[in-house]
Amino acid sequence: MSTKNSLTITDNRTSKTYELPIVDGTVSTMGLRAIKTDEKDFGLMGYDPAFMNTASCRSSITFIDGDEGILRHRGYPIEQLAEKTTYLEVAYLLMNGELPSAAELETFSAEISAESSLHENMKGFIQSFLPNAHPMGMLIAAMGALGTFYPDAKQVLDAKVRRRQIARIIAQIPIIAAWSYRHGVGKPFVNPDPSLGYTANFLSMMKRGSEPRYAAHPDIVKALDVLFILHADHEQNCSTNTMRAIGSSQADPFSAVAGAAAALYGPLHGGANEAVLHMLNEIGTIDAVPQFIKDIKAGSGGRRLMGFGHRVYKNYDPRAKVIKSLADRVFDILGKQNPLLQIARELERIALQDEYFVKRKLYPNVDFYSGLIYQALEIPIDLFPVMFAIPRASGWLAQWEELLMDKEQKIARPRQIYTGIMLRDIKR
Ligand code: SDX
């Protein structure tokens with residue numbers, strides 16, 4: 001094998017050869033621009049719709065090996081993080097590269113608690129939506145609106161200002177989520193309870209009634225905290241790519257999170273957990289599973305087995321494994337089985353042995369079982385994508401800050417292959 005770490009390309013149009021260095025398993029597509037037929041030629045570009053094979057950045061936050069089903073944050077396996085840390089510790093890890101010491105965690109938690117309130121006007125903003133408004137639409141709008149309450153957030157190149165906005169967004173996204181839910185069910189808004197931890201506080205703002213304090217079952221809090229850990233970051237997924245693209249124009253982080261949440265809302269991305277529950281309800285019984293699988297394989301109406309498949313994982317999504325075992329724990333704690341779990345299990349059993357799915361390496365992903373746990377926690381189906389957005393905000397923000405600090409980055413502006421009419425005159 002040659003020691004030359006490069007590609008030699010021959011342009012058969014001109015018989016010229018070009019040497020492109022191979023760096024970190026990539027070749028620079030800007031290097032293709034040198035390949036021209038003459039001086040006037042713009043040069044070659046790479047063409048990669050949906051970025052199937054394009055690295056857009058260097059990042060040290062999350063590592064995924066799709067073939068092996070590996071997910072690590074700053075080098076720590078997701079399985080260990082789920083078992084041994086809390087969501088706030090993972091959020092700190094994503095931002096800072098290391099798990100916090102006890103003192104660092106105390107400071108970080110205090111910074112977030114200090115920002116855990118919403119401007120009074122945000123109540124009216126949330127109440128202005130129809131009661132049946134989808135909470136993801138409310139979240140997207142509220143995040144954009146929040147940016148107008150914090151004009152200093154535009155100073156994205158100031159590290160101290162960035163950190164304050166990061167604390168504000170991590171602190172306030174669960175409040176917006178809970179208040180959107182309360183608006184939908186016609187219940188008064190509940191303020192954060194400073195005596196509760198981050199995840200317990202979210203449950204209190206969701207569930208508290210007239211009682212002075214709502215403390216959820218500690219095992220339920222832990223289960224939801226694990227779900228938050230599992231959803232925190234996932235390298236360059238669709239919504240993170242959106243966060244980076246918006247961040248590259250130096251827009252404020254609230255506007256960038258609003259855009260990222262909009263991308264997450266799609267049923268092919270974070271909206272899949274909601275779509276899985278609708279799918280399981282539609283199937284209805286275990287005996288209807290074989291016919292449903294047949295319909296999916298027949299491709300009738302372009303239907304997909306929601307919660308299955310992944311652009312990167314061509315193996316079992318490691319998060320789905322953790323969530324599947326978490327589901328059993330939650331049902332035991334709550335003393336109730338969700339009949340849809342049996343349908344999900346039967347779907348998985350059949351799919352994992354069916355040639356159609358095996359050939360396409362389609363396995364359960366993070367969205368396949370998560371909704372069943374949210375349902376057991378009596379979280380409404382349309383809030384499921386919001387449950388994804390709450391923890392993913394820390395991943396988006398960590399990736400956003402990494403982009404702003406990356407000397408190789410500038411405003412994202414891809415090129416195109418023009419297929420339209422080149423020139424014509426208006427004849428009038
Ligand atoms: C998330 O990127 C991330 O990291 C995302 C995420 C994160 O944490 O940020 O992991 C979160 O978004 C998980 C994915 C949630 N989405 C779903 O569960 C929706 C259902 N799955 C898909 O539609 C699909 O699998 C995607 C969108 C997830 C990935 O699609 P790709 O990589 O673009 O694959 P593709 O659409 O080109 O499909 C390849 C083939 C096609 O068949 P053929 O044309 O070869 O015959 O596989 C088939 C597809 O029809 N296929 C499916 C399928 N997913 C792909 N067939 C049936 N059911 C499915 N779910």
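Guide: This is a predicted model. F357 is buried, at 2% relative accessibility.

Visitor: Which ring does F357 pair with in an edge-to-face way?
Guide: Y356. The centres are 5.0 Å apart and the planes make an angle of 75°, which is edge-to-face because that takes over 60 degrees.

Visitor: Is Y356 buried or partly exposed?
Guide: Y356 is partly exposed, with a relative accessible area of 24%.

Visitor: Which residues are in the ring cluster there?
Guide: F308, Y356, F357, F368 and Y369, linked by ring pairs.

Visitor: How many aromatic pairs in the whole structure?
Guide: The search finds 13. One of them is W179 with F189: the centres are 4.9 Å apart and the planes at 5°, so this pair is stacked.

Visitor: Where do W179 and F189 lie?
Guide: W179 is in helix 6, residues 159-184, and F189 is in the loop between helix 6 and helix 7. The pair therefore ties together parts ten residues apart in sequence. W179 is buried at 1% relative accessible area, and F189 is buried at 16%.

Visitor: Switching topic. What does the secondary structure come to?
Guide: The protein chain has 17 helices and five strands.

Visitor: How far apart are the mean positions of the charges?
Guide: 5 Å, for 48 positive and 47 negative charges.

Terms used: Residues numbered from 1 in each chain as written. Predicted model: local features only at pLDDT ≥ 70, side-chain atom pairs only at ≥ 80, totals over all residues. Heavy atoms only, no water. Helix = DSSP H or I, 4+ residues; strand = E, 2+ residues; numbered from the N terminus. Lys, Arg positive; Asp, Glu negative; His and termini not counted. Charge placed at Lys NZ, Arg CZ, Asp CG, Glu CD. Phe/Tyr/Trp six-rings, centres within 6.5 Å; stacked < 30°, edge-to-face > 60°. Buried < 20%, exposed > 50% of the residue type's maximum accessible area, 1.4 Å probe, protein only.
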